[in-house]
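Visitor: Please take a close look at a single part of this model and describe how its pieces are arranged.

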Amino acid sequence: MSTLKVNNLQNIGGTDLLAPLQSGSLDAWINFNGTGTIAIRDSFNVSSITDNSTGEYTVNFQNAFTDTNYCAIAGGSQQLDSTAMPDGVMVHTYTTTSVDLESYGRLDGTAEEDLQIINLMISS
């Protein structure tokens, strides 16, 4: 495998192709199924997810962050159709290589529950 190292990357028109990857844009995101055998639907800068127990997950980053002062926003739902109602997802235990999530169903709002849709967005 070869490595390409450059200071500037532009298209023929001179547009900076690295600008969308600079700070202020999303540095990592994921959409995954948190029920049964958990599975990543789509992601960016995420290497894997871990099912720790009912409603508890770890999202592992492909490229580590320089510190733990990033902004992480998560949400989820139990259903995949237009009848979906919002459920709760809490972000905690920030590290440079992963973040932990807890999901709660709307039945009583206090019991951890596996959700069909879990989304996480991170910006540093």
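Guide: Two strands pair if DSSP finds at least two bridges between them; strands (E, at least two residues) are DSSP runs, numbered from the N terminus, as are helices (H or I, at least four residues). This is a predicted model, in which local features need pLDDT of at least 70 and side-chain atom pairs count only at pLDDT 80 or more, while totals for chains, interfaces and linings use all residues. Residues are numbered from 1 along each chain as its sequence is written, and side-chain values use heavy atoms, with hydrogens and water left out.

S1 pairs with strand S2 (residues 39–44) in the antiparallel sense, over five bridges. Asn33 has Ala39 of S2 as its bridge partner. Five residues lie between S1 and S2 in the hairpin that they form, and Gly36 in the turn has a positive phi of about 60°. S1 is also joined to strand S8 (residues 117–123), again by five bridges, and these two run antiparallel. There, Asn31 has Asn119 of S8 as its bridge partner.
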